[in-house]
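Take a look at the sequence and the structure, then read on.

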Amino acid sequence: MSSVVVDPRFEGPPGVANGGVVCGLLAERLPERRPVTVTLRRPVPVGVPLQVADDGAGAVVLAAGGEPLAIAHVAEDPEVGVIPSVAPRAARSAVPDPAFVAAHPFPGCFGCGPARDRASAVALLPGPVGDGVLATSWTPGPGLPQGPGAVLAPTAVWAALDCPSGAAAVPPGSPPHVLGRLEGRVDGPLPVGGEVLVVAWPLGHDGRKRWGASALLTPGGTLLGVARATWIALA
């Protein structure tokens with residue numbers, strides 16, 4: 001067992017860790033470049049000691065005071081259908097829906113908050129490019145968490161897979177939604193300073209649950225990561 005503290009700069013909702021950051025925190029403790037499923041059972045607080053442990057059956061559990069908050073395990077590839085093809089020019093020129101930005105429920109979110117700066121946060125706000133697909137161009141800056149060799153740390157990569165799927169899955173005007181599960185795979189390193197195309201699309205809904213998918217690609221079309229997210233309405 002080890003102890004970890006999620007820095008408040010990585011919050012999603014106020015006082016709570018961004019879901020993608022939590023997923024990356026656990027995914028990096030599982031075999032590299034394998035599909036991973038992370039289930040978020042309870043809000044993960046920032047700024048307090050948390051425990052990370054192997055459950056003895058191949059899963060990694062994040063807990064507070066013995067209470068499980070999130071659990072991750074190696075899984076099958078996420079079912080996302082066909083990844084939409086988006087031209088780099090379209091991604092670069094896409095503009096987020098003003099209604100989504102104005103009514104953003106968590107403006108300080110590390111992954112997509114309009115009050116955050118890309119110099120120190122992922123802060124992705126993709127825009128529509130047709131047929132329900134959203135996209136944006138992203139050049140990760142040096143202020144983001146890094147691993148060896150000036151590549152993005154898993155916490156930043158998984159945050160980039162997290163929030164765009166929510167923007168695609170949850171229509172403007174809906175009640176706030178939070179991440180319940182993220183099933184994903186990271187295929188290659190994302191270098192700091194290298195352009196990444198971020199694509200997201202909806203996968204359906206049922207009651208309080210909505211599903212969305214996201215992908216990270218090079219401008220040349222090489223897949224760097226893909227994920228399927230389950231979003232749950234708070235009200």
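Asp-131 sits in the loop between β6 and β7. This is a predicted model, and in it the phi of Asp-131 is near 60°, a positive value in a residue other than glycine. Is Asp-131 buried or exposed? With a relative accessible area of 82%, Asp-131 is exposed, because anything over 50% falls in that class.

You'll find Ala-123 in the loop between α3 (98–102) and β6. Ala-123 has a relative accessibility of 7%, so it counts as buried.

**The sheet**

Now for the strands. How many strands form the open sheet? There are 11, and they run in the order β1-β3-β4-β5-β2-β10-β13-β12-β11-β7-β6, with antiparallel pairing. The edges belong to β1 (2–5) and β6 (127–130); each has a single partner strand, so one side of each is left without a neighbour in the sheet. On average, neighbouring strands are turned by 25° against each other, if you ignore direction.

Let's zoom in on some of the pairs. Strand β11 covers residues 196–206 and strand β12 covers residues 209–217, and the two pair in the antiparallel sense over nine bridges. Pro-202 has Gly-212 in β12 as its bridge partner. β11 and β12 also form a hairpin, with two residues between them. Gly-207, in that turn, has a positive phi of about 60°.

β11 pairs with β7 as well, in the antiparallel sense and over five bridges.

Ala-70 in β5 is the bridge partner of Leu-40, and Leu-62 stands opposite Ala-70. β4 and β5 form a hairpin with two residues between them, and Gly-65 in the turn has a positive phi of about 60°.

Here are the strand pairs side by side.

| Strand pair | Sense | Bridges |
|---|---|---|
| β11 and β12 | antiparallel | nine bridges |
| β7 and β11 | antiparallel | five bridges |

**Two helices**

What about α1 and α4? Their axes come within 7 Å and cross at roughly 135°. α1 and α4 are therefore oblique to each other, because the angle lies between the 115 degrees that end the roughly perpendicular range and the 145 degrees above which helices count as roughly antiparallel. The crossing of α1 past α4 is right-handed.

Which residues meet there? From α1 come Gly-19, Gly-20, Val-21, Cys-23, Gly-24, Leu-25 and Ala-27, and from α4 come Pro-154, Thr-155, Trp-158, Ala-159 and Asp-162. Sorted by class, this contact has seven nonpolar, four polar and one charged residues.

**Two residues in strands**

Where does Arg-185 lie? Its place is in strand β10. Arg-185 has a relative accessible area of 17% and is buried, because the limit for that class is under 20%. Leaving out residues up to four places away in sequence, Arg-185 touches Arg-34, Pro-35, Asp-77, Trp-158, Leu-223, Leu-224, Gly-225 and Val-226. Ala-87 is 98 residues apart from Arg-185 along the chain, and their C-alpha atoms are separated by 22 Å.

Thr-230 belongs to strand β13. Is Thr-230 buried or exposed? Thr-230 has a relative accessibility of 10%, so it counts as buried. Which residues does Thr-230 touch, not counting residues up to four places away in sequence? They are Val-178, Leu-179, Gly-180, Arg-181, Lys-209, Arg-210 and Trp-211.

Key: Residues numbered from 1 in each chain as written. Predicted model: local features only at pLDDT ≥ 70, side-chain atom pairs only at ≥ 80, totals over all residues. Heavy atoms only, no water. Pairing = 2+ DSSP bridges. Helix = DSSP H or I, 4+ residues; strand = E, 2+ residues; numbered from the N terminus. Axes fitted to C-alpha atoms, helices over the stretch in contact; angles between N-to-C directions. Parallel < 35°, antiparallel > 145°, perpendicular 65-115°, else oblique. Left-handed = near helix turned anticlockwise from the far one by under 90°. Contact = heavy atoms within 4.5 Å. Nonpolar A, V, L, I, M, F, W, Y, C, P; charged D, E, K, R; others polar. Buried < 20%, exposed > 50% of the residue type's maximum accessible area, 1.4 Å probe, protein only.
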